[in-house]
Amino acid sequence: MTDDSTDRDRELRAQLDDAPTIPIEEFRKRSRRSFLAGAAGLGATYLGWQWLQDRPDVAGIPKPLSDTLEFNEEVWRTVSEGRSAPEHPISKATPIQVNGRIGIRNEIDLADWTVRIEGPDGELLDELDLSTFEALPQRDMVIEHKCIEGWSNITHWGGARFSDFHARYADRIGDVPYVSLETPDGLYYVGWDMPSMLHPQTMLALRQDTEPLDQDHGAPLRLATPNKYGIKCLKRIGVIRYARERPADYWAERSYDWYAGL
């Protein structure tokens, strides 16, 4: 053993010898206080949870939680107004994992697929096949797709901006604040505010990595954007519906944030 090690050992022993000791009765008192404080904290948590459950619901969500989600939405609207998310070089893109199959569990005949376009009064505006979307100005977008579960993926999408599609109907429907989208079977549905839909990075995607979408990733048409979580990026669009009132949203009905902004 070196002289340095010996000196260090002596120093540590001296610190231990000088350290204050706690009498056993004092230790027991402190332990009891800690236990009682912990029990009180658990009791307060339980009472708080019971209080929360007894509050009035707003769309199935206790009002205090609903108020918090609405506050978060206002913050995100303010922060994101006029902002675009970073885009990446194509070399950074990797295949995106399949996550969530609600509304697309069964394969469909893509040759027979159409999408219904409905106005705010429920009127049928159009029923379109894929050629309409292929005829719109096409662009590529390499963005970070973020899942609300915590993972993300830089993905290369190709398709048309929703704003270019919306231009077909803008004069007919006027100033409508919301858009609802559903899978063809109606099992999955999302609600969007119009400013987010018209953002230049909100895409009606037809392709991934230059190839047509496969059915696991939403063929033949899906939403893609870096500005909202993946729960809002509906796969296999079957209905696009304009709305005057905030539309239903699958995960918002299950206590997630309706806005889901990034």
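In what order do the 5 strands of the open sheet lie? The order is E4-E3-E12-E7-E8, with mixed pairing. This is a predicted model, in which local features need pLDDT of at least 70 and side-chain atom pairs count only at pLDDT 80 or more, while totals for chains, interfaces and linings use all residues. Residues are numbered from 1 along each chain as its sequence is written, and side-chain values use heavy atoms, without hydrogens and water.

**View 1. The open sheet of 5 strands.** Strands are DSSP runs (E, at least two residues), numbered from the N terminus, and two of them pair if DSSP finds at least two bridges between them. The edge strands, E4 (124-128) and E8 (189-193), each pair on one side only.

**View 2. Pairing of strands E3 and E12.** Residues 115-118 of E3 and residues 239-243 of E12 run in the parallel sense over 3 bridges. Ile117 has Ile240 in E12 as its bridge partner.

**View 3. Thr183 in the loop between strands E7 and E8.** Thr183 is buried, with a relative accessible area of 1% (buried means under 20%, exposed over 50%, partly exposed in between, with a 1.4 Å probe and protein chains only). A polar atom of the Thr183 side chain lies 3.4 Å from the backbone nitrogen of Leu187.

Key
Helices (H or I, at least four residues) and strands (E, at least two) are DSSP runs, numbered from the N terminus. A polar contact is a pair of N or O atoms within 3.5 Å; within protein, one must be able to donate a hydrogen and the other to accept it, and residues adjacent in sequence count only if both atoms are side-chain atoms.
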